[in-house]
Amino acid sequence: MVAGDLTDQHWARLQPLLPSMAPQRGGWWRDHRQVINGILWRIDNGAKWDQVPDRYGPAKT
């Protein structure tokens, strides 16, 4: 975990609100926690999507 990422406590509260990770028509979901951490990093740093670090997945996610 990197500074600014969701803590386990925050994730436990948020996870039940998100869609299932089970594969559905149209493909697989990306890891929700990874994507949300990337969004939070982007907001905190004021960066463009293509500047988000690779640890948060592809910018097109």
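Predicted model: local features only at pLDDT ≥ 70, side-chain atom pairs only at ≥ 80, totals over all residues.
## A buried asparagine

N37 is buried, with a relative accessible area of 6%.

Where does N37 lie? You will find N37 in helix α2. And which residues is N37 in contact with, once its neighbours within four places in sequence are left aside? They are D5, L6 and Y56.

## A partly exposed isoleucine

Now look at I39, which also lies in helix α2, a stretch covering residues 32-45. I39 is partly exposed, and its relative accessible area is 34%.

## The whole chain

The protein chain has 2 helices and 0 strands. Its C-alpha atoms fill a box of roughly 30 × 30 × 15 Å along the principal axes. Of the 61 residues in the chain, 23% are buried, and N37 is one of the buried residues. If we take the contacts between residues at least 6 apart in sequence, 33% of them join residues at least 24 apart.

## Surface and charge

The protein chain exposes about 4,900 Å², with 54% of that area supplied by carbon and sulfur atoms. As for charge, the chain has 8 positive and 6 negative charges, and the mean positions of the two groups are 7 Å apart.

Note on methods. Residues numbered from 1 in each chain as written. Heavy atoms only, no water. Helix = DSSP H or I, 4+ residues; strand = E, 2+ residues; numbered from the N terminus. Buried < 20%, exposed > 50% of the residue type's maximum accessible area, 1.4 Å probe, protein only. Contact = heavy atoms within 4.5 Å. Areas by Shrake-Rupley, 256 points an atom, 1.4 Å probe, with all protein chains shown as cover. Lys, Arg positive; Asp, Glu negative; His and termini not counted. Charge placed at Lys NZ, Arg CZ, Asp CG, Glu CD.
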